[in-house]
Amino acid sequence: LKLAVSVSERSGTTSSRAPRSAMARLPSDGARGRDMVVELVDVSLAEAEVTDGAGAKGGGGGLDAVSEDSEDSEDEERGLLRGDAGDASTSAPRRDDPRPPPPTGWRGYVARVPKGEAVMLAATFTFAFQNVVAKTVEEGVPPMQVVFVRSCISGCVTAFTTWRRAAECNAIVREADAETTGEGTRASASSGEDDSRFTIETLLGHRRFWRLCLLRGVAGSIAFSLAYVSLTYLTVGDSVAIFFLNPIFSSLMAIPALGEKPSAVQAVAIGGGLVGTLLIVKPPALFHALGVPLNDDDRRRDHPMDPVGVGVTLFSAFFCAAAMVSIRAIRGRVSALALAVWFHGCSAALGFASVTSAWPLPPVWPTAHEWGLLILISLTSFVGQLSLNYGYSHLPTLTASALYYLLVVWSA
């Protein structure tokens, strides 16, 4: 349609009708001071003649004018829908749209997978594989020595990766700084600082969160070290069954610390995960107390649990829950690499103290085969810690804790 605009003054003058383009211009300054009435009149495109301002009818050129005005109107509509500014007649769709097209094929399928859940799946599988390798190497190397070597190698790999990805780590630091100072992230990012510079905050995260990072590192290193020590007092089944109380501890800690109250579905998922863990590992002491019949292998392992081992494993589960809640409290404002640096640093310090004091076992010099297994454990620890940090940073504590039970499934 073509719009003809009729403007009349209320002072009593007759209205004059004239063809206009789709974008009507505002009245002149002199006319703005008076009360104006704008009337929109529809004109059919089927008419080959166009009425001009004096009432005369034009010839064949009128249809061309209507076509041009219609094209201008379409161009203007396209421009306004896209949010373009400027002259409507030149508002064609821009080809330099900054939004990339959605990925297709397998890339599109991967893009639709929930990142937090997928990363937790990878973390549990990696830790299960690491446990299998650790059980093999610990036949000749003391557990705390394994912790020390693993933390040193993984810590060096993590620090090198942080140096290579300094720009990304610095971007997270700037976002945390903008949140602290109340300034916009974009303004902070355009401050002119070198994105690739490597500073102490690049390695350890923003200073504001160093206490939480230290809590994560200390609690995590104590949890994993005590888990190794508990194997000297308990069977693997009893130790795993007690250790996987940590999702319940995490859920309880998250209520006062984070304000995350469990829903009915999440509570059922955590409880079901604990029951499933007990059915898989079949802790001999618990099954014997309940009167459940055991097979021959379980009978050979059937004996009362050592109270020292129970206490050590409970502390391990408690510290593991504290580490996971601290990661959730940070909420992605410290990079996963920085959190891994804190963990490996604290674990290396704890392992060094154990090795130098020869507790609980004196250190030994590994063989070439054992060195290869230690390097493999270090690499899996690097991948697993990054995945675990990312998962707990981007998922609610209850959801991540429920997914953590997958570690038992992979281990079985």
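1. Let me start with the nonpolar surface patch: Leu121, Phe125, Val409 and Trp410 make one of about 380 Å². Two elements give two or more residues to this patch, helix H4 (115–137) and helix H19 (406–411). Patch members must have over 30% relative accessible area and no salt bridge, with like charges joined within 9 Å and nonpolar side chains (Val, Leu, Ile, Met, Phe, Trp, Tyr) within 5 Å. Accessible areas come from the Shrake-Rupley method with a 1.4 Å probe, and for residues only the protein chains shown count as cover. Helices are DSSP runs (H or I, at least four residues), as are strands (E, at least two), numbered from the N terminus.

2. Before you go further, please note that this is a predicted model, in which local features need pLDDT of at least 70 and side-chain atom pairs count only at pLDDT 80 or more, while totals for chains, interfaces and linings use all residues. Residues are numbered from 1 along each chain as its sequence is written, and side-chain values use heavy atoms, with hydrogens and water left out.

3. Now the aromatic rings, where the count comes to 12 aromatic pairs. One of them joins Phe224 and Phe343 edge-to-face, at 5.7 Å centre to centre and 75° between the planes. Phe224 sits in helix H9 (residues 210–230) and Phe343 in helix H16 (residues 336–357), so the pair links distant parts of the chain, 119 residues apart. Both Phe224 and Phe343 are buried. Elsewhere, Phe243, Phe244, Tyr404 and Tyr405 form one aromatic cluster. The rule: rings of Phe, Tyr and Trp (its six-membered ring) pair if their centres lie within 6.5 Å; planes under 30 degrees apart are stacked, over 60 edge-to-face, and the rest tilted.

4. Salt bridges come next, and there are six. Each needs a side-chain nitrogen of Lys or Arg within 4 Å of a carboxyl oxygen of Asp or Glu. Arg165 pairs with Glu168, with 2.8 Å between the closest N and O atoms. Arg165 is partly exposed at 40% relative accessible area, and Glu168 is partly exposed at 45%.

5. Glu179 bridges to Arg208, with the closest N and O atoms 3.9 Å apart. Because Glu179 lies in helix H6 (residues 166–181) and Arg208 in the loop between helix H8 (200–204) and H9, the pair ties together parts that are 29 residues apart in sequence. Glu179 is partly exposed at 43%, and Arg208 is partly exposed at 42%.

6. Glu260 and Arg331 also meet in a salt bridge, at 4.0 Å from N to O. Glu260 is in the loop between helix H11 (246–258) and helix H12 (264–281), and Arg331 is in the loop between helix H15 (307–330) and H16, so this pair ties together parts 71 residues apart in sequence. Glu260 counts as buried at 14% relative accessibility, whereas Arg331 is partly exposed at 38%. Shared partners also join Glu179, Arg208 and Arg333 into one salt-bridge network.

Technical notes:
Buried means under 20% relative accessible area, exposed over 50%, partly exposed in between (1.4 Å probe, protein chains only).
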